[in-house]
Amino acid sequence: MLRLPRCLRVAPRAPPAPWAQSRHFAVVRHDWKREEAFQPIFRHLPQIGDIYHQPLLELVFQAASVHRQFFDPKEVQQSTLLSIKTGGCGENCGYCSQSQSFKTSVKPTHMMKVDEVLEAARKAKDAGSTRFCMGTAWRGVGQKNSFQHILTMVKEVSGMGMETCCTLGLLNAEQAKQLKDAGLTAYNHNLDTSPEHYPNIVSTRTYADRLETLANVREAGISVCCGGILGIAETQEDRIGLIHTLATLPEHPESVPINALVPIEGTPLGDRQIKMGTAVTWRDMVRSIATARIVMPQSMVRLSAGRMEFSQEAQAMMFMAGANSIFTGDKLLTTANPKFSEDAAMFEALGLRGKKPFTGPTAHLRPHWADRAVGSELPMGTVQGTTVSGPREVAF
């Protein structure tokens, strides 16, 4: 029998794990398990920890393969986030400069007037944004009279043909229904971190409170925008725990923001990061984005706060790993953000183009009164979107 010289022999390779085969793991599923060695009974099920801890380039390749099955990799949505009521919040989130519990440079302001918000929305649309997000610094909507003004803002902005998003804190079922009737596309309510680490971040509301708000939003027929923050004294296990929580919800969030903490002097977590001289690395962001893309393949993964800290090359790798949305405009609530012109230059350099409103996961959410002509000409380029109904063919 002819035998190859030892130097030419190839050692047999173990077959790849089921989740490491792109034709298999690009499936929407809700039975993901965390990396829990003390529960070997679950080892036959897909483990998020196994995915997260892969060599970085292998992880990015797998995430990029999944991304191409469900999305056009050249298409990135541009969103704008405006703080319509800043400061004076009664919550004590340890990362937030708007909490009245901490002494920061942010001063409380009154709610913006409807006309001011609509003018900001028009400017954002003219600059290429197709989603306009409005945020308030308070615990929840409660019985506030200003909620009626917010409903007007939502109705008018959606009438411009833009997707609308609000982040207003805790929300009950009736308030969610009113927002839906006003034409709200999405409601943002982040879980921030894992259930275990959450009590270390905020004590004025519970993880269950947040999950209840998400349930009210989902029941009303509004798409869910829910993600977390890196850099809030969490461990890698906490990052895995956050992704696991999102990926095992009855329905995956249509939108998953991945934020990097922007440390603000005067906040406990900001002061901690400044003192220690540590910060979220581009590798942390890429790893979390890629894992989220693999386990929630139909969700928009949003590269959110903290982009100013990462180079254009680092952001390019985040897009390759599956991020397909950014926030544009020179301010993100109270912190600095790249200017519209800077993002336009980045899009041109990377060959990216803007996503039209009400395409992809939000196609069915366009209000009947919305301007359907808006978005036909976007400054950063356009692409015709389609409703996600199943995997696309992978194109390499």
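Helices, as counted here, are DSSP runs of H or I with at least four residues, and strands are runs of E with at least two, both numbered from the N terminus. The model is predicted.

**Exercise 1.** State how many helices and strands the chain has, and what share of its residues is buried.

*Solution.* Counting by the definition above gives 12 helices and 12 strands. For burial, the cut-off is under 20% relative accessible area, and 56% of the 396 residues of the chain count as buried.

**Exercise 2.** Describe the surroundings of strand β8, taking its faces and then its partner strands.

*Solution.* Begin with the faces of β8, which spans residues 300–303: M300 and R302 lie on one side, V301 and L303 lie on the other, and all four are buried, so that both faces are covered. Turn next to strand β7 (residues 255–260), which pairs with β8 in the parallel sense over 4 bridges, with S255 standing opposite M300. Strand β9 (residues 323–327) also pairs with β8 in the parallel sense, here over 3 bridges, and L303 stands opposite I326 of β9. Finally, follow the chain from β8 through helix α11 (residues 312–320) to β9, a β-α-β crossover that is right-handed.

Methods: Residues numbered from 1 in each chain as written. Predicted model: local features only at pLDDT ≥ 70, side-chain atom pairs only at ≥ 80, totals over all residues. Heavy atoms only, no water. Buried < 20%, exposed > 50% of the residue type's maximum accessible area, 1.4 Å probe, protein only. Pairing = 2+ DSSP bridges. Right-handed = clockwise from strand over helix to strand, strands pointing away.
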